[in-house]
Amino acid sequence: MKKLLIVLLVVLMVCVGSADTLLSKQDNEPVDTAIVQPVINNRPASEQKKILPENEIIGYSSRGNVIQAVTIAPAKYNKTILLTFAMHGFEDSWDYDGASLVQIANDVIATFAANPAALNHTRLIVVPCVNPDGLMRGCDDNLAGRCNGQGIDINRDFDYQWQYIADAKYHTGDIPFATPEANLLKELVIKEKPDLVIDFHGWLNAIYGDEEIGQYFSDSLKVTNQGLNNVADAFLPQTFIGWAGHYTRAVMVEYPDPQTAANVYNLGYSSRTIAALKLICNRL
């Protein structure tokens with residue numbers, strides 16, 4: 001029980017926090033803002049003069065939990081990269097493993113906010129947690145942590161080669177874009193017109209989508225770059241990246257399975273991700 005409470009607290013801190021209050025359609029109780037603070041406000045005072053990221057609530061999950069985007073924008077930028085994390089609250093390894101993806105997102109935010117020169121005139125938009133409902137539920141017998149609050153796999157809810165799936169793990173609604181989460185990502189792409197979209201998952205040990213961009217992560221993470229070959233075709237239909245690839249360059253990163261949250265840190269997943277992103281910012 002103690003472990004569960006700690007995990008839930010971490011989820012609240014990194015997934016649904018905002019600078020002043022935690023907004024929810026279902027719960028209007030006051031929140032201790034000293035606890036629910038986004039990572040971007042916890043930087044050392046000496047770094048506060050660097051880029052201050054902007055938090056924006058882009059909408060709500062099916063259960064009324066906040067979904068936010070964090071933007072790090074230099075005064076002058078000429079390209080935009082959209083990063084999305086934790087579309088599945090549970091990724092089939094350890095319970096609440098989606099929280100590790102959110103932590104990577106927060107590490108990315110903190111690093112580039114403190115080192116804006118590494119952006120090289122790139123605007124970075126980060127959605128640390130696409131699926132707060134699933135992340136809060138973790139794993140159970142009904143795969144509720146993988147899916148959203150409607151029991152739908154958000155990453156099978158996009159109208160790219162869409163078809164109905166009854167299987168609980170990849171369950172869809174009766175039509176594409178049946179989830180508020182998928183619609184929020186759709187609206188974000190159309191509104192912000194990113195030059196590149198990167199969607200982060202675990203733990204299939206592969207990169208799918210744009211082969212050139214994917215190679216940066218393949219080199220950094222030491223995983224297979226599947227590009228857009230026949231193997232990738234089995235993963236991209238109905239997915240966010242499959243859909244986004246019709247609007248812009250798009251990549252899905254599937255980290256290798258570290259088996260524990262501690263190994264995400266020990267194996268340097270955040271630093272390796274950041275290293276790849278730095279190269280992309282300078283070469284895109």
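Is Arg-249 buried, partly exposed or exposed? In this predicted model, Arg-249 comes out as partly exposed, at 29% relative accessibility. Its side chain meets that of Asp-210 in a salt bridge, with 2.9 Å from N to O. The two partners sit 39 residues apart and link distant parts of the chain: Asp-210 is in the loop between strand S5 (196–209) and helix H5 (211–221), while Arg-249 belongs to strand S7 (residues 249–256). Asp-210 has a relative accessibility of 16%, so it counts as buried.

Another one joins Lys-169 to Asp-92, whose closest N and O atoms are 3.0 Å apart. Here Lys-169 lies in the loop between helix H3 (132–137) and helix H4 (180–192), and Asp-92 in the loop between strand S3 (79–85) and helix H2 (98–114), so the bridge ties together parts 77 residues apart in sequence. Lys-169 is partly exposed at 23%, and Asp-92 is partly exposed too, at 37% relative accessibility.

Then there is a pair of neighbours. Glu-192 forms a salt bridge with Lys-191, their closest N and O atoms being 3.9 Å apart. Glu-192 counts as buried, at 18% relative accessibility, whereas Lys-191 is exposed, at 55%. As for how salt bridges connect up, those that share partners join Glu-56, Arg-123, Lys-191 and Glu-192 into one network.

Disulfides are another story: a search of the whole structure turns up zero. Among the cysteines, Cys-129 is buried, with a relative accessible area of 2%, and Cys-147 also counts as buried, at 2% relative accessibility.

Technical notes. Residues numbered from 1 in each chain as written. Predicted model: local features only at pLDDT ≥ 70, side-chain atom pairs only at ≥ 80, totals over all residues. Heavy atoms only, no water. Disulfide = S-S within 2.5 Å. Buried < 20%, exposed > 50% of the residue type's maximum accessible area, 1.4 Å probe, protein only. Salt bridge = Lys/Arg side-chain N within 4 Å of Asp/Glu carboxyl O. Helix = DSSP H or I, 4+ residues; strand = E, 2+ residues; numbered from the N terminus.
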